[in-house]
Amino acid sequence: MSASILPDEAFFAEFRKQCLSTENWSNKYEKNGMQVWIEVPPVTSTKRNTQKIHKIKCKMVVKDVSAATMYDVIHDGQYRKQWDPTMLESYDVARLSANADVGYYSWLCPTPIMNRDVVTLRSWQVRDDEYLVVNFSVKHPKFPPRNDLVRAMSIQTGYFIKPTGLNSCTFIYLSQADPKGSLPKLVVNSASQVLAPKVMKCVHKAGQNYPEWKRQNSPDQKPWLFPEQSTLPMMDPAELSLQRADSLENVDESSAVDSQNNGDSS
């Protein structure tokens, strides 16, 4: 990335390359047009590298929704409330440029794990009929970690969507995220492999239902395609800094487990 925190051309090119590459990726799941891959670090890498959170990639063949519609679904915050069952709260905070914003998202975790939240910089690019959306965690001065949630971290998470026909596309989701807290890495990595196909199915169904929903909900309002429609305040990207994993404390969640066992529902 350049001196600015905003992604540059090289950033998008590298993300696209990762989405399309099979080298150093191991296939973990393949069923009904859906594949899940885990990145396998090259043998030459240090032992320390193999301990990290997996980078996971899901590829879905979508035969009944256009690439443009799937792209709209990823962006449309209002619609997300309709289809994302784990979402607690989600909102855009500010615009950083014509193709970048900063936003807040919190989600439900299965009991007794504490719920999570993230503050991310999201940027997007449409080129040659290819759609890219990428986010990563940032520190925002007005959104510090909260006491009631564990601040998670998106190292790099995003989508690559490419048309395969007028009403079909290839949809790729790539993520490397650290949920923080006291969850063992093994649990995190295995859970991500199980959850990924479920999330993809949700997104696919959301794509199928989106055109009808959008017709009834501000059909012409798409600020991700028409930046002049955005009502978000502008923010100087220099006010943000990259969120480093080691600056977030690992909250001990064993107390949540204990209170669960004691029947404490508060």
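Visitor: Which residue forms a salt bridge with D117?

Guide: In this predicted model, D117 sits in strand β6, and the pair it belongs to links distant parts of the chain, with the partner in strand β8 (residues 150-151), 34 residues apart. Both members of the pair are buried. The closest N and O atoms are 2.9 Å apart, and the partner of D117 is R151.

Visitor: Are K180 and D178 buried or exposed?

Guide: The side chains of K180 and D178 meet in a salt bridge, with a distance of 4.0 Å from N to O. Buried is the word for a residue with under 20% relative accessible area, whereas exposed requires over 50%. By that cut-off, K180 and D178 are both buried.

Visitor: Where in the chain are the two partners of the salt bridge between E9 and R127?

Guide: E9 and R127 form a salt bridge whose closest N and O atoms are 2.9 Å apart. E9 has a relative accessible area of 44% and is therefore partly exposed, and R127, at 42% relative accessibility, also counts as partly exposed. The pair links distant parts of the chain, 118 residues apart, with E9 in helix α1 and R127 in strand β6.

Visitor: How many salt bridges are there by this rule?

Guide: Side chains of opposite charge can pair when their charged atoms come close. Some of the salt bridges share partners, and in this way R16, E130 and K162 are joined into one network. The count of salt bridges comes to 13.

Visitor: Why are the buried residues of α1 said to lie on the same side of the helix?

Guide: The buried residues of α1 are F11, F12, F15, Q18 and C19, while the face turned away from the buried side carries the exposed residues A10 and K17. The buried residues pack against β1 (25-31), β3, β6 (116-127), β7, β9 and β10. They are placed on the same side of α1 because, around the axis, they cover an arc of only 125°.

Visitor: What is the distance between the end C-alpha atoms of helix α1?

Guide: Helix α1 runs over residues 9-20 and has 12 residues, so at 1.5 Å a residue it should span 16 Å.

Visitor: Which residues does M70 touch, not counting residues up to four places away in sequence?

Guide: M70 is among the residues that touch the most other members of the largest nonpolar core. When residues up to four places away in sequence are not counted, M70 touches M60, V65, I161, C169, F171, V203, H204 and G207.

Visitor: Which side chain makes a polar contact with the side chain of S168 at 2.8 Å?

Guide: S168 is found in strand β10, and its relative accessible area of 15% means that S168 is buried. The side chain of S168 reaches the backbone nitrogen of G165 at 3.2 Å. The side chain that makes a polar contact with that of S168 at 2.8 Å belongs to T164.

Conventions:
Residues are numbered from 1 along each chain as its sequence is written. This is a predicted model: local features need pLDDT of at least 70, side-chain atom pairs count only at pLDDT 80 or more; totals for chains, interfaces and linings use all residues. Side-chain values use heavy atoms; hydrogens and water are left out. A nonpolar core is a set of buried Ala, Val, Leu, Ile, Met, Phe, Trp, Tyr and Cys residues joined through side-chain atoms within 4.5 Å. Buried means under 20% relative accessible area, exposed over 50%, partly exposed in between (1.4 Å probe, protein chains only). Contact means heavy atoms within 4.5 Å. Helices (H or I, at least four residues) and strands (E, at least two) are DSSP runs, numbered from the N terminus. The expected span of a helix is 1.5 Å times one less than its number of residues. The arc is that of the directions from the helix axis to the C-beta atoms. A polar contact is a pair of N or O atoms within 3.5 Å; within protein, one must be able to donate a hydrogen and the other to accept it, and residues adjacent in sequence count only if both atoms are side-chain atoms.
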